[in-house]
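Subject: Structure for you to look at

Hello,

Here is the structure I said I would pass on. Please open it first, then read the notes below it.

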Amino acid sequence: MTSTPRSEPAPKVTLSDDEWRAKLTPAEYAVLRQAGTERPHTGEYTDTETEGVYECRACGAELFRSSEKFHSHCGWPSFFDPSESDAVILRADDSLGMRRVEVLCASCHSHMGHVFEGEGYPTPTDQRYCINSISLRLVPKA
Ligand SMILES: [Zn+2]
């Protein structure tokens, strides 16, 4: 497992900026389309343990599952793996004077959060996909 950025496939879902603004709330737009970050411990899914699938709030693609969600106590929903490795795109992000790896939805290239590794969490991958709640929509298991 590595978070080395892979080559990026073209988005399957492409909307104009005006179309995204019409589809999303201003708060969703700020995170999903402008790579903002919701304040820690404020997102609706931070501590959620409900079984289900987490979809991209912008395009509905399945990105994460409750079975890979864990309590990281970092203030954002955390997953140790995406549903499928090609469901997300990893992109080097050198903003804010830090070397981080940005996580985007592979289908629509909306911003999800960042992935960190080697932090010592007792998970199978030692990775923490630190994802904004507002970038996701939980579909509870029927
Ligand atoms: Zn998407």
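Along the chain, the donors of the zinc ion follow the spacing C-x2-C-x45-C-x2-C. This is a predicted model. The donor atoms are the SG atoms of Cys 56, Cys 59, Cys 105 and Cys 108, at 2.3 to 2.4 Å from the zinc ion. The arrangement is tetrahedral because the four donor atoms subtend angles of 104 to 113° around the zinc ion.

Cys 56 belongs to strand E1 (residues 52–56) and Cys 105 to strand E6, so this pair ties together parts that are 49 residues apart in sequence. Cys 56 has a relative accessible area of 1% and is therefore buried. Cys 105 is also buried, at 0%. The cut-off for buried is under 20%.

Next, the strands. E6 (residues 100–105) runs antiparallel to E7, and four bridges join them. Val 101 has Val 115 in E7 as its bridge partner. The hairpin of E6 and E7 has five residues between the strands, and His 109 there takes a positive phi near 60°.

Gly 113 stands opposite Ile 131 in E8.

Last, Ala 27 is in helix H2 (residues 26–32). Ala 27 is partly exposed, with a relative accessible area of 43%. From Ala 27 to Gly 120 the C-alpha to C-alpha distance is 32 Å, and the two are 93 residues apart in sequence.

Regards

Technical notes: Residues are numbered from 1 along each chain as its sequence is written. This is a predicted model: local features need pLDDT of at least 70, side-chain atom pairs count only at pLDDT 80 or more; totals for chains, interfaces and linings use all residues. Side-chain values use heavy atoms; hydrogens and water are left out. Two strands pair if DSSP finds at least two bridges between them. Helices (H or I, at least four residues) and strands (E, at least two) are DSSP runs, numbered from the N terminus. Buried means under 20% relative accessible area, exposed over 50%, partly exposed in between (1.4 Å probe, protein chains only). Donors are N, O and S atoms within 2.8 Å of the metal (3.2 Å for Na, K and Ca); water is not among the atoms, so sites may look incomplete. Four donors count as tetrahedral if all angles lie between 85 and 135 degrees; four count as square planar and six as octahedral if opposite donors are over 155 degrees apart and all others between 65 and 115; anything else is irregular.
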